Amino acid sequence: MSSGPIGIFGGTFNPIHYGHLRSALEIRERLGLAEVRLMPSARPPHRSAPDCSIAERLEMVRLAVAGEPGLACDDRETLRAGPSYSVDSIRELRQEVGPETSLCLVMGADALLGLADWHQWQLLTDYAHLVVIARPGWHFPSSGAVADWLQPLLCEQVDELLGRPAGNVHLLQLRPLDISSTEIRELIAAGRSPRYLLPDPVWSRIRSAGLYGYNQAAQT
Ligand code: ATP
């Protein structure tokens, strides 16, 4: 049982970068959450299988949050068979924390735009609030099924939001960091350095394991 509201930030984290980490830290501070858990998806249902194993992606998330109080790694999706549906994870987490703790499922604006393709997406707010963060190059949806669904659920006031365990959508503008895992993978594959876009221990791990086409012989 947790002593305060919890944020849960799912993603492929292929690899984890400062866009994820800085957002997680700012969300924790802005909302006053007890902790934000980064939850790597073992088998993301909406995209082709990541080239990097879940064991490696999980290890990189662990390295990235080590020593940062208030950020944690949640490995539940790596322990379940089948597709990693967020609704299953959030339902499971709700059972663990009990009916009163506020849960905030965090996603970027790009993820929100594709929400209608998620398994049982309208049930997510039965178990948690959705906290949606702006992301450079993306906008919050203004029309369509997701926009219509979230309009009556919008809640701007943080104390109101966290006064309830679940059920609302909160849009948040954070420091914009134009970093993506795709760009990091492309840099590495092209023999260029992704340093300062992600934590050094993660970059070290990528090099020692030869991930994303990193070639030890050619790149030092
Ligand atoms: P890829 O480039 O492989 O699609 P990504 O950088 O988008 O990866 P994901 O692991 O897919 O990273 O993202 C996990 C979550 O983090 C998503 O909800 C996404 O919107 C959000 N996110 C990723 N990068 C940023 C960023 N720079 N700023 C804000 N949110 C981000």
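**Asp-126**

I looked up Asp-126 and found this residue partly exposed, at a relative accessible area of 49%. My cut-offs: buried is under 20% relative accessible area, exposed is over 50%, and partly exposed is in between, with a 1.4 Å probe and protein chains only. Asp-126 sits in helix H6, residues 124–127. Helices here are DSSP runs of H or I with at least four residues, strands are runs of E with at least two, and both are numbered from the N terminus. I also checked Asp-126 against Ala-34: they are 92 residues apart in sequence and 21 Å apart in space, C-alpha to C-alpha.

**Ground rules**

This is a predicted model, so I note that local features need pLDDT of at least 70 and side-chain atom pairs count only at pLDDT 80 or more, while totals for chains, interfaces and linings use all residues. Residues are numbered from 1 along each chain as its sequence is written, and side-chain values use heavy atoms, with hydrogens and water left out.

**Salt bridges**

I searched the whole structure and got 15 salt bridges. I count one when a side-chain nitrogen of Lys or Arg is within 4 Å of a carboxyl oxygen of Asp or Glu.

Asp-74 pairs with Arg-37, with the closest N and O atoms 3.3 Å apart. That pair links distant parts of the chain, 37 residues apart: Asp-74 is in the loop between strand S3 (71–73) and helix H3 (76–79), and Arg-37 is in strand S2. Both Asp-74 and Arg-37 are buried.

Next I took Arg-80 and Glu-92, whose side chains form a salt bridge at 3.5 Å, N to O. Arg-80 is in the loop between H3 and helix H4 (86–97) and Glu-92 is in helix H4, so this pair ties together parts twelve residues apart in sequence. Arg-80 is buried at 19% relative accessible area, whereas Glu-92 is partly exposed at 28%.

Asp-88 and Arg-91 also form a salt bridge, at 3.1 Å between the closest N and O atoms. They are three residues apart in helix H4, which means about one helical turn separates them. Asp-88 comes out partly exposed at 23%, and Arg-91 is partly exposed at 24%.

I then traced a network of salt bridges that links Glu-35, Arg-37, Asp-74, Arg-76, Glu-77, Arg-80, Glu-92 and Glu-96.

**Ligand**

I found 23 residues around the ligand, the closest being Asp-110, Arg-135, Leu-177, Ser-181 and Thr-182. A residue counts here if one of its heavy atoms lies within 4 Å.

For Asp-110, a polar side-chain atom is 2.4 Å from a ligand oxygen. His-17 has a polar side-chain atom 3.0 Å from an oxygen atom of the ligand. Ser-181 uses a polar backbone atom, 2.8 Å from a ligand oxygen. On its own the ligand has 610 Å² of accessible area, and the protein covers 92% of that.

**Cores**

The largest nonpolar core holds 34 residues, and those with the most contacts inside it are Ile-16, Ile-27, Leu-38, Met-60 and Ile-206. Among the elements that give two or more residues to this core are helix H1 (18–31), strand S2 (35–40) and helix H10 (200–209). By nonpolar core I mean buried Ala, Val, Leu, Ile, Met, Phe, Trp, Tyr and Cys residues joined through side-chain atoms within 4.5 Å.

Conventions:
A polar contact is a pair of N or O atoms within 3.5 Å; within protein, one must be able to donate a hydrogen and the other to accept it, and residues adjacent in sequence count only if both atoms are side-chain atoms. Accessible areas come from the Shrake-Rupley method with a 1.4 Å probe; for residues, only the protein chains shown count as cover.
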